[in-house]
Amino acid sequence: NTLDNFEAEISVTKGEYTTVLLAKSVLAEVQYAQGEIVAAQKNLFDALDIAKTQDVAENDPLLLSTVYYTFGLLNDPYYINDYNLAQPAQAIWAYSNAINYNKDQEKYYINRAALYWDSENYEAAIADYSYLIATHPDHFLNFHLLRGNLRVNIGQYSDGIADLYQALKHPYLDDYLEISIVYLIGKARLLLGEYNEAENIF
């Protein structure tokens, strides 16, 4: 069995902790591709346990960040598409640690914000979207739309409307997205009791 041989090779590697981390990450990705999600989760958790006792954080923080991110993916319901095996709290923890070691990867914040939203930690999700708006204003994802939609859904209508008007200026706006944003603005106007403004929109 190729995977068994690979695991055996990892277990006899001495001192090369970077090699072990990389190998376990590759092994976890192969296991995930084969549907062995629990085994993949365990391999990456073991890899992170090794990293805690070594100087990986000091010598190779970007590698450690990547391993945390991968561990987050393997616990993220949006990635593994299995709510029975997903552990959103673990995924948030992993994404947060990935950010600690590499603050420049927008995908870490995007994934964490979605899980914060799902777990009803709305202010934390808003904070992640605010960071993304400030640091990646021309990203193909419309962060103003995401933050505005969230704000409207939690009753922050005025702030949500302001975000949604900014979302209409996004460089990658298509017709469908524009209609969706305008609808959300109208919905927020109605919820604010601004019936004339809502009527003009609809």
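The numbered points below concern a predicted model.

1. Aromatic pairs. The structure contains eight aromatic pairs. In one of them, the ring centres of Tyr32 and Tyr79 are 5.2 Å apart and the ring planes meet at 25°; the pair is therefore stacked, since planes under 30 degrees apart are counted in that class.

2. Tyr32 belongs to helix H2 (residues 17-33), whereas Tyr79 belongs to helix H6 (residues 77-80), so the pair ties together parts that lie 47 residues apart in sequence.

3. Accessibility of the two tyrosines. Tyr32 is partly exposed, its relative accessible area being 24%. Tyr79 is likewise partly exposed, with a relative accessibility of 38%. Both assignments follow because the partly exposed class lies between the buried limit of 20% and the exposed limit of 50%.

4. Aromatic cluster. One aromatic cluster is formed by Phe45, Tyr68, Phe71, Trp93 and Tyr101.

5. Ala113 in its helix. Ala113 is located in helix H8 (residues 106-118). Is Ala113 buried or exposed? The residue is buried, as its relative accessible area is 0%.

6. Surroundings of Ala113. With neighbours within four places in sequence set aside, Ala113 makes contact with Ala125, Asp128 and Tyr129. For Tyr129, which is 16 residues from Ala113 along the chain, the C-alpha atoms of the two residues are 6.9 Å apart.

How values were computed:
Residues are numbered from 1 along each chain as its sequence is written. This is a predicted model: local features need pLDDT of at least 70, side-chain atom pairs count only at pLDDT 80 or more; totals for chains, interfaces and linings use all residues. Side-chain values use heavy atoms; hydrogens and water are left out. Rings of Phe, Tyr and Trp (its six-membered ring) pair if their centres lie within 6.5 Å; planes under 30 degrees apart count as stacked, over 60 as edge-to-face and the rest as tilted. Helices (H or I, at least four residues) and strands (E, at least two) are DSSP runs, numbered from the N terminus. Buried means under 20% relative accessible area, exposed over 50%, partly exposed in between (1.4 Å probe, protein chains only). Contact means heavy atoms within 4.5 Å.
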